[in-house]
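Please look through the sequence and the model below before reading on. The notes that follow take the chain topic by topic and are meant to be read alongside the picture.

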Amino acid sequence: MIEFRAVSKSFSGGAVAVEEFSYVLPSHRTVALVGSSGSGKTTLLRMVNRMLEPGSGTVLIDGRDVREFNKVALRRSIGYVMQDGGLLPHRTVAENISTVPVLNRVSRKEARVTALELLEQVGLDLTLADRYPAQLSGGQRQRVGVARALAADPNILLMDEPFGAVDPIVRRELQNQLLALQSRLGKTMVFVTHDIDEALLLGDEVIVLRSGGRIAQVGPPAEILAAPADAFVRDFIGADRPERVLRIVETQGRKVVLDQAGRPAGVLAS
Ligand SMILES: Nc1ncnc2c1ncn2[C@@H]1O[C@H](COP(=O)(O)OP(=O)(O)OP(=O)(O)O)[C@@H](O)[C@H]1O
C-alpha cells in the first residue's frame, strides 16, 4: 500500500507541481495516473522511490514513512520503468537486466539466469540477451526496461509513460502483455500516462489529474466512463468519442461495459 498524505512539491522558479495530494493506492493493483502534460504525474511517481522529496506532507509504504528507509536500498527495491527504457547503452541486454541484482550481491551467473527467464516473461527472444540497446527496436527496448524493473522482484512497480515512444500497434502489444504479466504477478503498480485510453485499459483504478496534481476524479475505469465528475473529466475522456477502449451501452436497463471488440467486460453496479 502506498499512501500520499497531503503531499506538496514546488520547484524553484516554477509553479506548484503538486499541491496537497492525498490518496491511498491499494496493494497488488494497478493505479493509472493520467493527466495532461505538467499535471504533476512524474513528480508524484518520483516521490515514492525518493528520487524526489516532498516539500511537505508524507509518502508512506505499508504505513512506513519513506524517509525512514535507506534511500539507495529503497530505490533498488522498487521497479522503475522510464519512457525511453533508461537502459545503459554500453551494457548488453542481459547485463542491463542484471544491474540491480548484481548491486544486491547476486552472483553474475545467477543474475544472468534470472535475466534470461525475465526476457522470456516479457516475450523477447533469448538471442537478444547479448545485444546492446542500440541494436533493439523501440518496443524491444521497452520490454527490456520492464524486465529490468522486475529483476529484483520488487513489490512495487513504477511506470512513467513506458510506452509513450512506440508506435500504436507495438504500444497495444506492450499494453496487452503488461496486463497478462500483471495478472500473474500482482504487483502494486503505479502507471503514469497522458493517454486516457491507456489509463482505462491498464488501471484497476484511474486517477484523473488537473494541474498541480489535483484530483479531478478517481475510480474504476467503468465508473469514470459512466459518470464523469465534471466537464473537465468529460472533456478529458472524450466522452463523446465513438471509438475507444471501453464503452458503455444500456441494455435491458443495465449498463454494460464493452471492450474495443464489443465484448462485454462487466456490468456497472447501479
Ligand atoms: N526539476 C524541475 N524543476 C523545475 N520545475 C519542474 C521540475 N520538474 C517538474 N517541474 C514542473 O512541475 C510541474 C509538474 O511536472 P511533472 O513532470 O510532474 O508533470 P507530468 O504530469 O509528469 O508531465 P509530463 O506528462 O509532461 O511528463 C510542471 O510544471 C513542470 O514544469
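In the UniProt record, an unreviewed entry, the annotation "domain: ABC transporter" covers residues 2-237.

**Confidence of the prediction**
- The protein chain has an average pLDDT of 90, and 95% of the residues score at least 70.
- For the complex, the predictor gives an ipTM of 0.93 together with a pTM of 0.88.

**The surroundings of the ligand**
- There are 13 residues around the ligand, and those that come nearest are Phe-11, Ala-17, Ser-37, Thr-42 and Thr-43.
- Helix H1, which spans residues 41-48, supplies three residues, the largest share of this shell.

**The nonpolar core**
- The largest nonpolar core has 64 residues, and those with the most contacts inside it are Leu-33, Ala-147, Leu-158 and Val-190.
- In soluble globular proteins, nonpolar side chains tend to be buried together.
- Ala-147, leaving aside residues up to four places away in sequence, touches Ile-97, Leu-118, Leu-119, Gln-121 and Val-122.

**Helix H3**
- Helix H3 runs over residues 93-103, and because eight of its eleven residues are buried, it is largely enclosed by the rest of the structure.
- The buried residues of H3 are Val-93, Ala-94, Glu-95, Asn-96, Ile-97, Ser-98, Val-100 and Pro-101.
- These buried residues pack against helix H2 (71-77), and also against H4 and H5.
- Just after H3 comes Arg-105, which takes a positive phi of about 70°.

**Leu-126 and its loop**
- Leu-126 is found in the loop that lies between helix H4 (108-121) and helix H5 (138-150).
- Is Leu-126 buried or partly exposed? Leu-126 has 13 other C-beta atoms within 10 Å, and because a residue counts as buried at 20 or more and as exposed at 12 or fewer, Leu-126 is partly exposed.
- Not counting residues up to four places away in sequence, Leu-126 touches Leu-116, Leu-119 and Glu-120.
- Leu-126 and Leu-116 are ten residues apart in sequence, and their C-alpha atoms are 6.4 Å apart in space.

Conventions:
Residues numbered from 1 in each chain as written. Predicted model: local features only at pLDDT ≥ 70, side-chain atom pairs only at ≥ 80, totals over all residues. UniProt positions renumbered as here; feature names shortened; annotations may be inferred. Helix = DSSP H or I, 4+ residues; strand = E, 2+ residues; numbered from the N terminus. Contact = placed C-beta atoms within 7 Å. pLDDT = per-residue confidence, 0-100. Core = buried A, V, L, I, M, F, W, Y, C linked by C-beta atoms within 7 Å. Near = placed C-beta within 6 Å.
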